[in-house]
Amino acid sequence: MSIAWAVLVPLAPFAASKPAPAHFWYGLAFVVYGAGSFICHQLPARSFHSWSAQWPVCARCTGIYFGAAVVAVVAMVRLKPDTTYITRLSTRRARGLLVAAALPTAVTLIYEWTTGDTPSNAIRALAGAPLGAAVAFLVVDVH
């Protein structure tokens, strides 16, 4: 699902940009933007734009979803791993991974709150990617 969502996020502005979209494109844009409204503030200034249309989630959320999708792709394509020596992460290490992965996002937030200056959307997306990757890694690790 994370891969499908990462594909739909940049595809939705294309669908929304059609002047008289077919029912499929209209439905796709409607569903993706609707889902995005439940999980993101969707502020135009903090979102990427393609085809003269705003993306359905902000740049930070986009980075989180793309980071998760990358881990999902890696998990899907890896060939039969040697599971002889695989151990699951302890709860303490899992929490440490999440804290470390959230640091780039926290730094951008602290910077924004203390200076009043908003980092670029590219920086916000790059800062969110490790958090998405870490969460996906933990989901794959538990599975």
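Read along the sequence, the elements of the chain follow the order α-α-β-β-α-α-α. The chain thus described is a predicted model, in which local features need pLDDT of at least 70 and side-chain atom pairs count only at pLDDT 80 or more, while totals for chains, interfaces and linings use all residues. Residues are numbered from 1 along each chain as its sequence is written, and side-chain values use heavy atoms, with hydrogens and water left out. In total there are 5 helices and 2 strands; both kinds of element are DSSP runs numbered from the N terminus, helices being H or I over at least four residues and strands being E over at least two.

The C-alpha atoms fill a box of roughly 55 × 40 × 20 Å along the principal axes. The accessible surface of the chain is about 9,100 Å², and carbon and sulfur atoms account for 71% of that area; these areas come from the Shrake-Rupley method with a 1.4 Å probe. Of the 143 residues, 32% are buried, that is, under 20% relative accessible area (1.4 Å probe, protein chains only). Contacts are defined by heavy atoms within 4.5 Å. Among contacts between residues at least 6 apart in sequence, 62% join residues at least 24 apart.

In soluble globular proteins, nonpolar side chains tend to be buried together. In this model, the largest nonpolar core has 13 residues; such a core is a set of buried Ala, Val, Leu, Ile, Met, Phe, Trp, Tyr and Cys residues joined through side-chain atoms within 4.5 Å. The members that touch the most others are W5, V9, V32, C40, V57, C61 and Y65. At least two residues of this core come from each of α1 (2–17), α2 (23–39) and α3 (59–77), and α1 gives the most, with 4 residues. When residues up to four places away in sequence are not counted, V32 touches W5, L8, A12 and P56.

Two of these core residues, C40 and C61, are cysteines. A disulfide is a pair of cysteine sulfur atoms within 2.5 Å, and by this rule the count is 0. The cysteine sulfur closest to that of C40 belongs to C58 and lies 3.6 Å away, which is too far for a bond. C61 is likewise in no disulfide, the nearest cysteine sulfur, again that of C58, being 3.7 Å away. C40 counts as buried because its relative accessibility is 10%, and C61 is buried with a relative accessible area of 13%.

Note on methods:
Buried < 20%, exposed > 50% of the residue type's maximum accessible area, 1.4 Å probe, protein only.
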